[in-house]
Amino acid sequence: MKNQDLVNYLRECGVCLFCQLRYLKARGNEYQNRRQYLEKVNVEYKDETESSSDPAHKKKRQNVCPTCLDLFSKSFKDQLLQAILDTDIAKYECDGIVVAISIPIVLQLRQLSMWYALIDKFEKNFHQDRAPDVSLKEAIKLILNPTICENLKKKYDIDNGLRININLCHELENEEIARLEKLNNVAYPPKTGHKLEPISRSLIEKKYTPLRVSSELFKKTFSVPPSIPNESLKLDSISLVGPTAYVAGRYRKVSRKLSHTPWVLNGKRVMDDSIEEIIIRYIATYFCEDRTKINFMSSGREDVDVRCLGTGRPFVLEISNAFRTSLPPEQARQMEECIDASQKVSVRNLQVVSRDDLSHIKMGEEQKRKCYRALCQLDGFATADILEKLNLPKGFEIQQKTPIRVLHRRPLHTRPRAVYSLKASVYAQNKRLLILDVVTQAGTYIKELVHGEFGRTTPSVSSLIGQPVDIVALDVMEIDLDWPPAVTF
Ligand SMILES: [Zn+2]
């Protein structure tokens, strides 16, 4: 078979130039340099889309391509581009795009039909189980995607691009699916007691090749080669999904009446705000429309009545369908100022990070060290003896049963936990009050470490000095995670 013979046959069937190239297995930019490629493979160049003085040609170029249904035609590309521009694409500030085109089943059936036709015509040159063409999916990548990128002046970016979902339809879709259903019933009769497998793209891919379904059977239902239809493909719908933006920072919690995430009990809010909501409130609008889809993650959390001071706690917002994935320092500072004005939470080092950076937040939670400062009350005055007993720079190990207060959400276990150091000092204004500086392994319950919870934590500050100790207030002073990097304005 000469390439020219193949192309002559395809042209007889009304196949467009792009599809001819698909059957000649053109790659990469050979679809852009069509004339050159045809010359290379010894085929006479003829482009029906170009104007011709020959009336016979004029007539021919108007037919709808039976194999791609004009998917690659100039008019369809123009229509597609216009439809994309008519969406609210302008509100997305992204350099990259990803195109996801969903093609109707009728288009798949037409590839199949041409496959049977080519085997009939050039028996020895085509395989029964290997498709004769560059697949539509591949051809879309090579032909349509570069055109869309070029026109929108965007690069193709599979990781962070704005996703353009395009659904195509064709007037013959339902009719041809109904026919395929009938054929499928004969080609793959359902076993008794089994339901018919619904028609899908993957069913056709898996079960329909000339090797698996005889040409005879296929031809009873579908015309081979595929007939020239009256109508081209139509655009069914276009939707846009923005990339995911990751915004990181460190928060300080300066209120003792603030939950980490919305606190709802029996359908009622216990506290009317939370760290998560305050942070999202001032960051969301810049990045997205639907703030309910934002995911707030932090490196651990503190209790409602515990402050988090020092350099604060690292957090990340995962913002899906974002308009933009960058955050200018000026904008970041404005957001930080708004959050600070809540007087409950303060945020620093706001910045956009990459998805890979999320590992910092998720990794090694148990290995981290946490520094706390606890204000504790004794029954009597603090003595030198007490201070000495609580001066343990080398630390000690404790056995800690799951506190009763968290048993409703954590299983009951006894866990060994490291207290890396302990130091006590007397509160100047009140000698009954102790200031305890504690460094512990992450996951240690500090309140229980102080009062011992009826022996459920041993040893405890209380057992070390042999008298009851009450915890009055607790602050997280430092979190052992140097991330995200500091931002300087
Ligand atoms: Zn075509």
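**Entry 1: the zinc site**

I began with the geometry of the zinc ion: its site is tetrahedral, with angles of 106 to 114° among the four donor atoms. I note here that the model is predicted.

Next I looked up which protein atoms hold the zinc ion. The donors are the SG atoms of Cys-16, Cys-19, Cys-65 and Cys-68, and they lie 2.2 to 2.3 Å from the ion. Along the chain, these donors follow the spacing C-x2-C-x45-C-x2-C. I then placed two of them, Cys-16 and Cys-65, which link distant parts of the chain. Cys-16 sits in the loop between α1 (3–12) and α2 (17–23), while Cys-65 sits in the loop between α4 (55–61) and α5 (74–85). The two are 49 residues apart.

Are Cys-16 and Cys-65 buried or exposed? I found that both are buried.

I searched the whole structure for salt bridges and got 28. I picked a few to follow up.

Glu-197 and Lys-207 meet through their side chains in a salt bridge, at 3.0 Å from N to O. Glu-197 is in the loop between α8 (173–187) and α9 (201–207), and Lys-207 is in helix α9, 10 residues apart. I checked accessibility for each. Glu-197 has a relative accessible area of 34%, so I put it down as partly exposed. Lys-207 is also partly exposed, at 22%.

**Entry 2: the bridges of Asp-303**

I turned to Asp-303, whose side chain meets that of Arg-405 in a salt bridge (3.0 Å, N to O). Arg-405 lies in the loop between β12 (396–401) and β13 (414–426) and Asp-303 in the loop between β8 (295–298) and β9 (307–319), so this pair ties together parts that are 102 residues apart in sequence. Arg-405 is partly exposed, with a relative accessible area of 33%. Asp-303 is partly exposed too, at 27%.

Which other residue did I look up as a partner of Asp-303? Lys-447 forms a salt bridge with Asp-303, and the closest N and O atoms are 3.1 Å apart. Because Lys-447 is in helix α15 (residues 446–451) and Asp-303 is in the loop between β8 and β9, the pair ties together parts that are 144 residues apart in sequence.

I wanted to know why Lys-447 counts as buried. Its relative accessibility is 15%, and buried means under 20%.

Last, I traced how these bridges join up. Asp-303, Arg-405 and Lys-447 belong to a network of salt bridges that also includes Asp-305 and Glu-448.

How values were computed
Residues numbered from 1 in each chain as written. Predicted model: local features only at pLDDT ≥ 70, side-chain atom pairs only at ≥ 80, totals over all residues. Heavy atoms only, no water. Donors = N, O, S within 2.8 Å, 3.2 Å for Na, K, Ca; no water. Tetrahedral: all angles 85-135°; square planar, octahedral: opposite > 155°, others 65-115°. Helix = DSSP H or I, 4+ residues; strand = E, 2+ residues; numbered from the N terminus. Buried < 20%, exposed > 50% of the residue type's maximum accessible area, 1.4 Å probe, protein only. Salt bridge = Lys/Arg side-chain N within 4 Å of Asp/Glu carboxyl O.
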